[in-house]
Amino acid sequence: MEAQRTIYMDHSATTFVKPEVVDVMIPYFTKHFGNPSSLYGIARDSKKAIDVARVQTAKALGADPYEIYFTSGGSESDNWAIKGVALANRKRGNHIITTRIEHHAVLHTCQFLEKEGFDVTYLPVDQYGLVDPSELEKAITEKTILISIMYANNEIGTIEPIADLGAIARKHKVYFHTDAVQAVGNIPIDVKMQNIDLLSLSAHKFYGPKGVGALYIKKGVRIENLIHGGGQERRRRAGTENIAGIVGLGKAIEMATADIPGHNAKIRSMRDRLIKGVLDTIPNTRLNGHKEKRLPGNFNVSFEFIEGESMLLWLDDAGICASTGSACTSGSLEPSHVLLATGLPVEISHGSLRLTLGDANTDKDVDRVLDVLPKVVKKLRDMSPLYYKSGKEGGSNV
Amino acid sequence: MYSDTVMDHFKNPRNVGEIENPDGVGEVGNPVCGDIMKIFLKIENNVVVDAKFKTFGCGAAIASSSMATELVRGKTLEEAWELSNKAVAEALDGLPPVKMHCSVLAEEGIHKAINDYRVKKGLEAWVEKNSHSHDHSEDLTCNH
């Protein structure tokens, strides 16, 4: 039997590293391995490489190079932005505004700060996962010091009205942070135009290496350090630099932002064919997230009467990598907080499936998923007591 | 994460379906919690001659239903009642700790189907004598 090709449709979880990115990284493991803090030649090579990556990153965001700080990834950037601003601005107030659909790196950081005496407002979202700017404005008090709202959601792909939200923050003189981990490379970003004061990003979401990310901190923002120690990153983030990783991030972000519209058109057309194919052939199915305001590669769907993990196991059996918002894969019994925040009933949240397309995919992959997925859903529905109860009626899709 | 036996029972589940005119039916779980099991029993001369199931749930829930129905077939009602969740999990070569509740559900489903039969026959329902001694390990309980 011919070896089955792995179909990777989980690009929001992580991406492969592009060969061009690997190529530029390798010399910094073997040849230019010097510690940038040292004085000799190979150390100067390392330092120079970090400066280049800083310029590449700044250019991708419309920032100035001295506003870019390299970190270990998205979680560190989120922790630093939120804890750092909270601690540095404590005297001005203790109120933070975020949303119910943030990544846990933001939510759990906010919950930690609540234990430390901060008040946090978790804004609701509508059925599509959108934050209402007027709700944000209403939530601001004289004690509000930080607003943290994600650029695009990792589960349902909804893109938030960041420029509008940033304008409100600016008007009320409140710092505005956005977790843009899912957005970089998918949406053109300009931190100045969009009134963003702090922005988190992570290289492994745009075909760079894992373990490296960055935090954009607008000039003048009052923020405490998170990692204390040596004087790296202009005394703001201690620790010997992950040079190869930083070089890889620089190259990856340059490539990912070179032609966003062209890249998106290709991914979106595959994704749209997948959405149409699934919704047209499988009854009792609903699309989660917004029809238009969504990441180009994101497809999040709920199948009634079945559970997500059993779907993933069957898809894995066919070589298809996907993820679910069902509780049964998360180690807890609560399904996705994002799906629940959009008002999706709990039992239907258990039957959700996320397929995120990207550069690893071809049209043939879409054909294969459209062949396999309906069979998997049918097999599981045939053994579901809920489907039996529903009288096997072919309901309409939402 | 799952044993080969779990994967075998998930991919080739035994006894899927319904029994026409079953002698005992037990439905346990809750869709809000992400798993529901419905167990059907055919009982002749105090012996489980057939057992089938329908399950909405994860891989472990489907495998536990499959294994539990296998284990009670051919057993007397007394023997079937003694089937513990631990025995189901062991027969599957183990379940991850967070999935132990799936085997508990299977035990409860069998118990409910047996009592359904007993009550219909005008017999007294048996009492769950060990409802607090399930092997939950690090089990999490859905509070819905």
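**Exercise 1. The helix before a glycine**

Gly74(B) follows α2(B) and has a positive phi, near 85°. Your task: work out how many residues of α2(B) are buried.

Solution. Before starting, note that this is a predicted model, in which local features need pLDDT of at least 70 and side-chain atom pairs count only at pLDDT 80 or more, while totals for chains, interfaces and linings use all residues. Residues are numbered from 1 along each chain as its sequence is written, and chains are lettered from A and ligands numbered from 1 in the order in which they are written.

- Step 1: Helices (H or I, at least four residues) and strands (E, at least two) are DSSP runs, numbered from the N terminus. A residue is buried if 20 or more other C-beta atoms lie within 10 Å of its own, exposed if 12 or fewer, and partly exposed in between, with C-beta atoms placed from the backbone.
- Step 2: check the length. From first C-alpha to last, the 14 residues of α2(B) reach 20 Å, close to the 20 Å expected at 1.5 Å a residue; the expected span is 1.5 Å times one less than the number of residues.
- Step 3: count. Twelve of the 14 residues of α2(B) are buried, making the helix mostly covered. Among them are Gly59(B), Ile62(B), Met67(B) and Val72(B).

**Exercise 2. Where the chains meet**

Find which elements of chain B give two or more residues to the side that touches chain A.

Solution. 

- Step 1: size the contact. It takes 22 residues from chain B and 22 residues from chain A, where two residues are in contact if their C-beta atoms, placed from the backbone, lie within 7 Å.
- Step 2: name the elements. They are α1 (4–11), β2 (35–44), β3 (47–56) and α2 (59–72) of chain B.
- Step 3: sort by class. This side of chain B has 13 nonpolar, four polar and five charged residues. Here Ala, Val, Leu, Ile, Met, Phe, Trp, Tyr, Cys and Pro count as nonpolar, Asp, Glu, Lys and Arg as charged, and the others, Gly among them, as polar.

**Exercise 3. A sheet in chain A**

Trace the order of the strands in the open sheet of chain A and name its edges.

Solution. 

- Step 1: read the order. The seven strands run β2-β8-β7-β6-β5-β3-β4, with mixed pairing; two strands pair if DSSP finds at least two bridges between them.
- Step 2: find the edges. β2 (68–71) and β4 (119–123) of chain A each pair on one side only. On average, the twist from one strand to the next is 20°.
- Step 3: look at one pair. β2(A) and β8(A) (residues 213–217) are antiparallel over four bridges, and Tyr69(A) has Leu215(A) as its bridge partner in β8(A).
- Step 4: α3(A) (residues 41–61) lies across β2, β7 and β8 of chain A, at about 115° to β2(A). Axes are lines fitted to C-alpha atoms, for helices over the stretch in contact, and angles run from 0 to 180 degrees between N-to-C directions.
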